[in-house]
Amino acid sequence: QVQLVESGGGLVQAGGSLRLSCAASGRTFSSYAMGWFCQAPGKEREFVAAISWSGGSTDYADSVKGRFTISRDNAKNTVYLQMNSLEPEEKAVYYCAAVRGLRSASYYSRSPAYDYWGQGTQVTVSS
């Protein structure tokens with residue numbers, strides 16, 4: 001069982017930055033691939049980024065490539081999402097997710113692949 005707690009959301013102006021964090025419980029964090037997803041009101045949950053168990057591979061949605069960076073610190077059981085040049089359309093609840101697995105990050109770009117989800121953190125981008 002893995003519990004995930006996101007933090008770092010908030011209100012930012014368009015073009016600004018936020019860094020989301022996701023703290024995971026458990027002693028086997030390094031065995032899990034991690035992902036970030038977002039869900040805007042009235043829309044389906046969408047993939048944002050994923051990172052492999054070691055941090056050696058990452059994958060991103062096309063819309064965030066070059067602006068967002070996913071990273072992890074296995075010693076701290078934490079995964080991060082650095083979001084730069086935020087756009088008003090990216091206002092959403094951002095969720096952290098985990099799945100036990102050792103494949104490359106691109107394998108985990110779909111939400112059904114994940115077993116555990118956090119409660120989400122709200123990101124609001126003002127224009």
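In the predicted model, strand 7 (residues 68-73) and strand 8 are paired in the antiparallel sense, with 6 bridges between them. Within this pairing, Ile70 has Leu81 of strand 8 as its bridge partner. The two strands form a hairpin with 4 residues between them, and Asn77 in this hairpin takes a positive phi near 50°.

Strand 8, which spans residues 78-83, is mostly covered, as 5 of its 6 residues are buried. Strand 8 is also joined to strand 3 (residues 18-24), again by 6 bridges, and these two strands run antiparallel. Here the bridge partner of Ala23 is Thr78 in strand 8. Strand 8 is therefore paired with strand 7 as well as with strand 3, a pairing counted where at least two bridges are found between two strands.

A residue counts as buried when its relative accessible area is under 20%. Strand 4 is joined to strand 9 (residues 92-100) by 8 bridges, and the two run antiparallel. In this pair, Gly35 stands opposite Ala97 of strand 9. Strand 4 also runs antiparallel to strand 5 (residues 46-51), to which 5 bridges join it. Phe37 stands opposite Phe47 of strand 5 in that pair. Strands 4 and 5 form a hairpin with 6 residues between them, and in the turn Gly42 has a positive phi of about 80°.

Leaving aside residues up to four places away in sequence, Ser111 touches Phe37 and Trp117. Phe37 is the residue that stands opposite Phe47 in strand 5. Between Ser111 and Ala97 there is a separation of 14 residues in sequence, and their C-alpha atoms are 8.3 Å apart in space. Ala97 is the residue of strand 9 that Gly35 stands opposite.

Taken as a whole, the chain contains 11 strands and 0 helices. Read from the N terminus, the order of elements is β-β-β-β-β-β-β-β-β-β-β. The radius of gyration is 13 Å, close to the 14 Å that the globule rule gives for 127 residues, so the chain is as compact as a globular protein of that length. Along the principal axes, the C-alpha atoms fill a box of roughly 40 × 25 × 25 Å.

Of the 127 residues in the chain, 46% are buried. Where contacts join residues at least 6 apart in sequence, 59% of them are between residues at least 24 apart. The accessible surface of the chain is about 6,500 Å², and carbon and sulfur atoms account for 45% of this surface. As for charge, the chain carries 12 positive and 10 negative side chains, and the centres of these two sets are 8 Å apart.

Key: Residues numbered from 1 in each chain as written. Predicted model: local features only at pLDDT ≥ 70, side-chain atom pairs only at ≥ 80, totals over all residues. Heavy atoms only, no water. Rg over C-alpha atoms; globule rule 2.2 N^0.38 Å. Buried < 20%, exposed > 50% of the residue type's maximum accessible area, 1.4 Å probe, protein only. Contact = heavy atoms within 4.5 Å. Areas by Shrake-Rupley, 256 points an atom, 1.4 Å probe, with all protein chains shown as cover. Lys, Arg positive; Asp, Glu negative; His and termini not counted. Charge placed at Lys NZ, Arg CZ, Asp CG, Glu CD.
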